[in-house]
Amino acid sequence: AEYKRRRSIRHGFERLSAIVPGAEGKAQAERVVLQKAIYHIHEQLKEREALIRALEARGETVDPALKTGYLQ
């Protein structure tokens with residue numbers, strides 16, 4: 001059971017490292033993968049907020065459910 005659990009965790013880090021920019025091939029360094037994932041998510045949230053603000057500045061209506069806590 002422990003082997004399966006560790007293998008599953010390792011597989012998850014391999015998948016995560018494959019999709020997070022800058023984490024490619026670093027699945028062995030879980031800390032690095034997690035740090036890069038956090039940074040990437042924060043950057044994506046900032047970009048999303050900027051897009052929402054741009055839409056609202058043009059007078060577009062944005063569904064409140066799509067806004068993050070920062071914009072509400």
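1. The chain holds two helices and zero strands; helices (H or I, at least four residues) and strands (E, at least two) are DSSP runs, numbered from the N terminus. The model is predicted, so that local features need pLDDT of at least 70 and side-chain atom pairs count only at pLDDT 80 or more, while totals for chains, interfaces and linings use all residues. Residues are numbered from 1 along each chain as its sequence is written, and side-chain values use heavy atoms, with hydrogens and water left out.

2. Helix α1 covers residues 2–19 and helix α2 residues 30–57; the two pack at an angle of about 45 degrees, with 10 Å between their axes. That angle makes α1 oblique to α2. Angles under 35 degrees count as roughly parallel, over 145 as roughly antiparallel, 65 to 115 as roughly perpendicular and the rest as oblique. Axes are lines fitted to C-alpha atoms, for helices over the stretch in contact, and angles run from 0 to 180 degrees between N-to-C directions.

3. The crossing of α1 past α2 is left-handed, a term for a near helix turned anticlockwise from the far one by less than a right angle. On the α1 side the contact is made by R10, F13, L16 and S17, and on the α2 side by E30, V33, L34 and A37. Contact means heavy atoms within 4.5 Å. By class, five of these residues are nonpolar, one is polar and two are charged.

4. Of the 72 residues of the chain, 18% count as buried (under 20% relative accessible area, with exposed meaning over 50% and partly exposed in between, for a 1.4 Å probe and protein chains only). The accessible surface of the chain is about 5700 Å², and carbon and sulfur atoms account for 56% of that surface. Among contacts in the chain with a separation of 6 or more, 0% join residues 24 or more positions apart.

5. R48 and K67 are 19 residues apart along the chain, with their C-alpha atoms separated by 8.6 Å.

Methods. Ala, Val, Leu, Ile, Met, Phe, Trp, Tyr, Cys and Pro count as nonpolar, Asp, Glu, Lys and Arg as charged, and the others, Gly among them, as polar. Accessible areas come from the Shrake-Rupley method with a 1.4 Å probe; for residues, only the protein chains shown count as cover.
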